[in-house]
Amino acid sequence: MEERDEIDIRPDFPLLEEFIYLDAASTTPTPKPVVEAMCDYFYNYNVNTGRGAYKLAVKATNEFEKARSRIAKFINAKTNEIFFTKNTTEAVNLVARGIPFKNGDSVVLPNIEHHSNFLPWLRLKEKGVDVRIVKADEYGIVHPEDVESAVDKTTRLITTTHVSNAIGSVQPVHEIGEVASENEVLFMVDAAQSAGHMNLDVKDIGADFVSFPGHKGLLGPVGTGFLYCSSEHAEELQPLNLGGGTVIDVTEGTFTLEEIPARFEGGTQNIAGVIGLGAAVKYIENIGLDRVERHSRKLTDLMFEGVSSIDNTIVYGSPENIYGILAFNIDGVNAHDVAKILDELKNICVRSGHHCAIPAIRHVGAYELGGSVRASVHYYNTKEEVQTFVESLEEISKFLGD
């Protein structure tokens with residue numbers, strides 16, 4: 001019998017008692033210790049941060065900054081290189097709108113990006129920026145040589161997803177980062193589908209900016225996220241949300257910005273959410289990222305093998321490259337119908353549609369089918385759940401094929 005290198009965390013996720021939850025790529029359920037950390041804030045020191053000398057304000061500020069320090073250490077960053085946002089989307093927009101791009105600049109990105117790492121760059125066309133789209137191969141993999149061929153002396157930034165949310169394909173971020181470095185171009189990575197799923201060292205990747213969600217692989221609460229911004233480039237980034245907490249001094253005619261990162265975190269933050277995110281990172285650390293990655297890879301392989309063996313199924317991506325996500329269709333059947341039947345048949349939760357990545361869905365030929373069905377896993381999922389999922393799909397395929 002195969003040994004199972006597992007820690008039982010399922011009791012921390014009550015909804016798993018009733019549902020087979022295979023939608024981690026969208027959001028993950030929040031474990032009890034994270035909820036408890038947030039409740040502790042709400043019950044015992046629910047005050048604002050940074051704006052009071054009394055004990056409760058000091059405690060709230062300390063816990064908030066403790067979360068920042070834990071997160072920074074988790075990704076091998078400096079504490080002041082972490083800027084809190086409400087999600088990955090806001091983090092990407094902070095870079096796209098915060099860098100003073102000008103007419104004649106160019107940016108390079110793949111055609112398989114989530115809309116959040118696509119639309120903010122397309123909007124730069126209004127400034128006269130040339131947006132150069134690099135096509136992935138048939139398996140949704142972007143090749144560094146294709147990225148390099150799109151770069152010239154006008155290129156200011158290259159950006160790519162780490163793991164495609166639509167296909168699950170893992171991109172060669174280290175090699176693409178080398179292209180950026182060799183050409184002295186800024187490099188940004190969207191880590192929405194890799195953070196909390198695998199070891200991610202921002203210094204090792206060589207990225208200048210990395211956008212993170214709190215509510216996906218990191219098992220944090222919704223409404224949280226952060227941007228890693230290399231201290232080398234923080235000064236050239238312009239804050240977008242000026243107001244309380246972002247300035248040192250103000251006169252009737254001018255103002256002086258606060259130190260980094262405070263200048264990027266205007267107004268009252270999601271204090272409970274950030275404290276919860278810090279607790280979530282601790283939770284992942286206690287499991288161990290190596291253990292999470294091994295387990296997720298096993299489940300991904302099981303899903304690919306099982307689903308691809310079913311008659312009339314179309315599976316996207318390469319089994320050697322996808323991670324944590326399986327995108328597929330049953331030939332001739334609308335993706336939403338498959339997802340609905342899985343829900344009604346066995347309480348199996350999967351995502352269906354375009355996954356906010358329409359260019360990627362078009363790229364793999366799934367647009368006419370209403371997108372794809374997407375199953376995505378985390379450490380709380382089990383081999384038995386994957387087997388139930390595959391068996392249910394077999395039933396659906398037979399039923400719809402008769």
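**Reading a predicted model: patches, strands, salt bridges and backbone**

A: Leu242, Val250 and Phe255 form a nonpolar patch on the surface of this predicted model, and their accessible area together is about 280 Å².

Q: Where does Phe255 lie, and is Phe255 buried, partly exposed or exposed?

A: Phe255 belongs to strand β10. Its relative accessible area is 43%, so Phe255 is classed as partly exposed.

Q: Which strand pairs with β5 over three bridges, and in which sense, parallel or antiparallel?

A: Strand β3 (residues 106–110) pairs with β5 over three bridges, in the parallel sense. Within this pairing, Val107 stands opposite Leu157 of β5.

Q: How many bridges join β5 to strand β6?

A: Five bridges join β5 to strand β6 (residues 186–190), and these two strands run parallel. Here Ile158 is found opposite Phe187 of β6. Between the two strands, the chain passes from β5 through helix α6 (residues 173–182) to β6. This β-α-β crossover is right-handed.

Q: Which residue forms a salt bridge with Arg351, and how far apart are the closest N and O atoms?

A: The partner of Arg351 is Asp23, with the closest N and O atoms 2.7 Å apart. Arg351 lies in strand β14, and Asp23 in the loop between β1 (20–21) and α1 (32–44), so this pair ties together parts that are 328 residues apart in sequence. As for accessibility, Arg351 is partly exposed at 35%, whereas Asp23 is buried at 5%. Asp23 and Arg351 are also linked with Arg374 in a network of salt bridges.

Q: Where do Glu265 and Arg68 lie, and how many residues apart in sequence are the parts that the pair ties together?

A: Glu265 and Arg68 form a salt bridge whose closest N and O atoms are 2.8 Å apart. Glu265 is placed in the loop between β10 and α8, and Arg68 in helix α2, so the pair ties together parts that are 197 residues apart in sequence. Glu265 and Arg68 are both buried.

Q: What is the N to O distance in the salt bridge of Lys102 and Asp105, and is each residue buried or exposed?

A: The side chains of Lys102 and Asp105 meet at 3.3 Å, N to O. Lys102 is exposed, with a relative accessible area of 51%, whereas Asp105 is buried, with a relative accessible area of 6%.

Q: Which side chain makes a polar contact with the side chain of Ser116?

A: The side chain of Thr89 makes this contact, at 2.6 Å. Ser116 is located in the loop between β3 and α4 (119–122). With a relative accessible area of 11%, Ser116 is buried.

Q: Turning to the backbone, what is the phi of Asn76, and where is Asn76 found?

A: Asn76 is not a glycine, yet its phi is positive, at about 65 degrees. Asn76 is found in the loop between α2 (55–74) and β2 (82–85). Its relative accessibility is 37%, and Asn76 therefore counts as partly exposed.

Q: What is the phi of His355, and is His355 buried or exposed?

A: His355 has a positive phi of about 55 degrees, although His355 is not a glycine. The residue sits in the loop between β14 (351–353) and α11 (358–363). The relative accessible area of His355 is 8%, so the residue is buried.

Q: Which residues does a cis peptide bond join, and what is omega there?

A: The cis peptide bond joins Ile260 and Pro261, and omega is about 10 degrees. Pro261 is located in the loop between β10 (255–257) and α8 (271–287). The loop between β10 and α8 also holds Glu265, the salt-bridge partner of Arg68.

How values were computed
Residues are numbered from 1 along each chain as its sequence is written. This is a predicted model: local features need pLDDT of at least 70, side-chain atom pairs count only at pLDDT 80 or more; totals for chains, interfaces and linings use all residues. Side-chain values use heavy atoms; hydrogens and water are left out. Helices (H or I, at least four residues) and strands (E, at least two) are DSSP runs, numbered from the N terminus. Buried means under 20% relative accessible area, exposed over 50%, partly exposed in between (1.4 Å probe, protein chains only). Two strands pair if DSSP finds at least two bridges between them. A crossover is right-handed if, with the strands pointing away from the viewer, the path from the first strand over the helix to the second runs clockwise. Patches are made of residues with over 30% relative accessible area and no salt bridge: like charges are joined within 9 Å, nonpolar side chains (Val, Leu, Ile, Met, Phe, Trp, Tyr) within 5 Å. Accessible areas come from the Shrake-Rupley method with a 1.4 Å probe; for residues, only the protein chains shown count as cover. A salt bridge is a side-chain nitrogen of Lys or Arg within 4 Å of a carboxyl oxygen of Asp or Glu. A polar contact is a pair of N or O atoms within 3.5 Å; within protein, one must be able to donate a hydrogen and the other to accept it, and residues adjacent in sequence count only if both atoms are side-chain atoms.
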